[in-house]
Amino acid sequence: MFDFFKKKKAPELIIGSPVKGKTVPLSSVNDPTFSEGMLGKGAAILPSDGKIYAPADGTIETLFDTLHAFSLTTTDGVEILVHVGLDTFTGHVHSGDAVKKGDLILEIDLEKVKAAGYDTSTLVVICNTDDYGDVQGLDNKEVQPGDDVIVITK
């Protein structure tokens with residue numbers, strides 16, 4: 001009856017982890033393009049598995065030729081960039097493919113990447129951060145693919 005006195009909570013969108021691992025602050029990664037938020041806010045995951053999954057339902061907008069990154073626009077209009085490093089990838093989707101949260105997108109040989117001296121951090125960035133009230137990465141937690149890693153407030 002008195003619901004109009006209650007403060008309405010802003011709607012939230014949740015983005016899942018694309019990989020098994022541990023989340024760390026995006027600001028802690030070595031690449032200033034990501035750590036300084038030039039492409040948007042998000043989360044970083046130190047992967048313990050080489051399988052990369054869709055973090056949300058949507059459409060693959062771009063799968064980079066080098067298979068080191070892909071962009072996805074969710075059904076809610078969130079523009080996500082997932083950056084997984086360099087080299088030794090196997091792709092399972094193409095640009096324009098519709099995907100569901102949890103669909104396998106890429107596979108990476110983490111040991112080859114480490115042996116080549118590359119950073120294995122998987123970065124999940126909301127490229128249209130300015131379209132939302134807040135984008136918050138959830139740091140310092142162990143995650144499985146699909147577990148919450150980013151909370152977006154409209």
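Where is D139 found? I looked it up and found D139 in the loop between strand 12 and strand 13. I note that helices (H or I, at least four residues) and strands (E, at least two) are DSSP runs, numbered from the N terminus.

**Ground rules**

I am working from a predicted model, in which local features need pLDDT of at least 70 and side-chain atom pairs count only at pLDDT 80 or more, while totals for chains, interfaces and linings use all residues. Residues are numbered from 1 along each chain as its sequence is written, and side-chain values use heavy atoms, with hydrogens and water left out.

I checked the exposure of D139: the residue has a relative accessible area of 33%, so D139 is partly exposed. Here buried means under 20% relative accessible area, exposed over 50%, and partly exposed in between (1.4 Å probe, protein chains only). I listed its contacts (heavy atoms within 4.5 Å). Not counting residues up to four places away in sequence, D139 touches T23, V24 and P25. I also took a distance: D139 and I52 are 87 residues apart along the chain, and their C-alpha atoms are separated by 19 Å.

N140 lies in the loop between strand 12 (134-137) and strand 13 (142-143). Its relative accessible area is 55%, so N140 is exposed. Its phi is near 55°, a positive value in a residue other than glycine. For background, most residues other than glycine have a negative phi.

Which other residue has a positive phi although it is not a glycine? I found L67, with a phi of about 60°. L67 sits in the loop between strand 5 (58-63) and strand 6 (69-74). T66 is also in the loop between strand 5 and strand 6. I noted a polar contact of 2.4 Å between the side chains of T66 and H68. A polar contact is a pair of N or O atoms within 3.5 Å; within protein, one must be able to donate a hydrogen and the other to accept it, and residues adjacent in sequence count only if both atoms are side-chain atoms.

D97 is in the loop between strand 8 (89-91) and strand 9 (98-99). At a relative accessible area of 28%, D97 is partly exposed. Its side chain reaches the backbone nitrogen of H94 at 2.8 Å. Leaving aside neighbours within four places in sequence, D97 is in contact with G58, T59 and I60.

How far apart in space are D97 and L110? I read 25 Å, C-alpha to C-alpha, for residues 13 apart in sequence. L110 belongs to helix 2 (residues 110-115). Its relative accessibility is 9%, so L110 counts as buried. Not counting residues up to four places away in sequence, L110 touches P47, S48, D49, G50 and T120.

Is S17 buried or exposed? S17 counts as buried because its relative accessibility is 0%. I placed S17 in the loop between strand 1 (12-16) and strand 2 (21-24). A polar atom of the S17 side chain lies 2.6 Å from the backbone oxygen of V19. Beyond four places in sequence, S17 touches I45, V143, Q144, P145, G146, D147 and V149.

T122 is in strand 11 (residues 122-126). T122 counts as buried because its relative accessibility is 1%. Apart from neighbours within four places in sequence, its contacts include P18, V19, A43, I45 and H83.

**Cores**

I then looked at the nonpolar cores (sets of buried Ala, Val, Leu, Ile, Met, Phe, Trp, Tyr and Cys residues joined through side-chain atoms within 4.5 Å). The largest has 33 residues, of which I15, F70, I80, I126, I150 and I152 touch the most other members. Another core lies apart from it and has nine residues, among them L26, A44, A69 and L81. In soluble globular proteins, nonpolar side chains tend to be buried together.

I followed up I126. Not counting residues up to four places away in sequence, I126 touches residues including I15, L39, V78, I80, Y132, I150 and I152.
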